[in-house]
Structure formats: C-alpha cells, structure tokens
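Please look through the sequence and the structure shown below before reading on.

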Amino acid sequence: MTTLLPAFAGCNTLYGAGMLELGMTFSLEQLVIDNDIIEMTKSAMRGIPVNELTLGVESIQKVGIGNNFLAHKQTREYISIVSDPSLFDRNMFGDWEAAGSKDLATVAHEKVVDVLKNHEVTPVDADLMKDMKAVVDKADEAVRASM
C-alpha cells in the first residue's frame, strides 16, 4: 500500500518568478531557476509516496550504520520521486566536476538561450480566443458604462 504524505499545507500560490530587487529588475536566468524551484514545489505538493520500496528499510539494513546509503542503487532509483529538477545538479561532486563544473547561473543561461532559440509557442484555440475576447469586451463595456 502507498500512502501520500502532504508536503505543504495550504500553499497554492507562487509569484515573482524571474524578479530581482523587489521586482525592479527581471532576469530570464532567474525565471528559469524559479521555474525549476516551482516545479519541485508542485511535485512535493502532490505528496510523497510511502511504501516498502520508497522507505528502503531492507536496503538500510543491508548497508548498515555508518556506511554510504546515498550511493546505494535503491537510493539512486528513488531519489527523484519527490522532484526531478532540470537545472539543479544532484550529481556527486566528482561527477559534477568531470561534467564541466557548471554553476547554476551558467546552466540557467544555457537554458534561456535554448528556449529563446528553439521554443515553439502552441497557438491558443480559436474558440477559446473568441470566448476570451467576449469576456474582455464585456468588461470594457462595463467600465465605459460606469464612467
């Protein structure tokens, strides 16, 4: 049986992504970093599965006190259950260093360049646009009538 443990109680709004200096400055790199954090938060809010595999009691017993449980196969298999960030590097230091030792700002900048170069916007459905325009037109009429 799997039980989901809620990670947060009541938090459902995150804002300010990409903002620096109380919103006086905006950074695309900060935006993609904040997006990664928001995705990790949303993942945690969905809950953490708790069952025989995710608890890893048997693996803990096999590894033993004082030994390296973080390097154990089961830990590596289930480490991303709660969140799987795309920018934050969770590799061991040596692996991170061997991969070029890129800091978060560099990885975020590379992501921004990639998005600006390759992202394709999915057009909004024409019927939805028509409905949205009707809502805006109605609000505009109400404002004009109140003047």
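**Briefing on the predicted model**

Read along the sequence, the elements of the protein follow the pattern β-β-β-α-β-α-α-α-α-α-α, where helices (H or I, at least four residues) and strands (E, at least two) are DSSP runs numbered from the N terminus. In total, the secondary structure comes to 7 helices and 4 strands. This is a predicted model, in which local features need a pLDDT of at least 70 and side-chain atom pairs count only at pLDDT 80 or more, while totals for chains, interfaces and linings use all residues. Residues are numbered from 1 along each chain as its sequence is written, and side-chain values use heavy atoms, with hydrogens and water left out.

**Confidence**

- The protein averages a pLDDT of 86, and 90% of the residues score at least 70; pLDDT is the predictor's confidence in each residue, on a scale from 0 to 100.
- Among the elements, helix α6 (residues 104-118) has the highest mean pLDDT, at 97, whereas strand β1 (residues 3-5) has the lowest, at 56.
- Where pLDDT is low, the predicted coordinates should not be read in detail.

**Overall form and surface**

- The radius of gyration of the protein is 22 Å, while a compact globule of 147 residues would have a value near 15 Å; the radius is taken over C-alpha atoms, and the globule rule is 2.2 Å times the number of residues to the power 0.38.
- Along its principal axes, the C-alpha trace spans about 75 × 40 × 30 Å.
- Of the 147 residues, 16% count as buried, where buried means under 20% relative accessible area, exposed over 50%, and partly exposed in between (1.4 Å probe, protein chains only).
- Of the contacts with a separation of 6 or more, 60% are accounted for by residues 24 or more positions apart, a contact being heavy atoms within 4.5 Å.
- The accessible surface of the protein comes to about 11,700 Å², and 60% of this surface belongs to carbon and sulfur atoms; the areas come from the Shrake-Rupley method with a 1.4 Å probe, and for residues only the protein chains shown count as cover.

**Two residues with positive phi**

- E21, which lies in the loop between β2 (19-20) and β3 (25-26), has a positive phi of about 50° although it is not a glycine.
- E21 is exposed, with a relative accessible area of 58%.
- S101, placed in the loop between α5 (93-98) and α6, is also a residue other than glycine with a positive phi, near 55°.
- S101 is partly exposed, with a relative accessible area of 31%.
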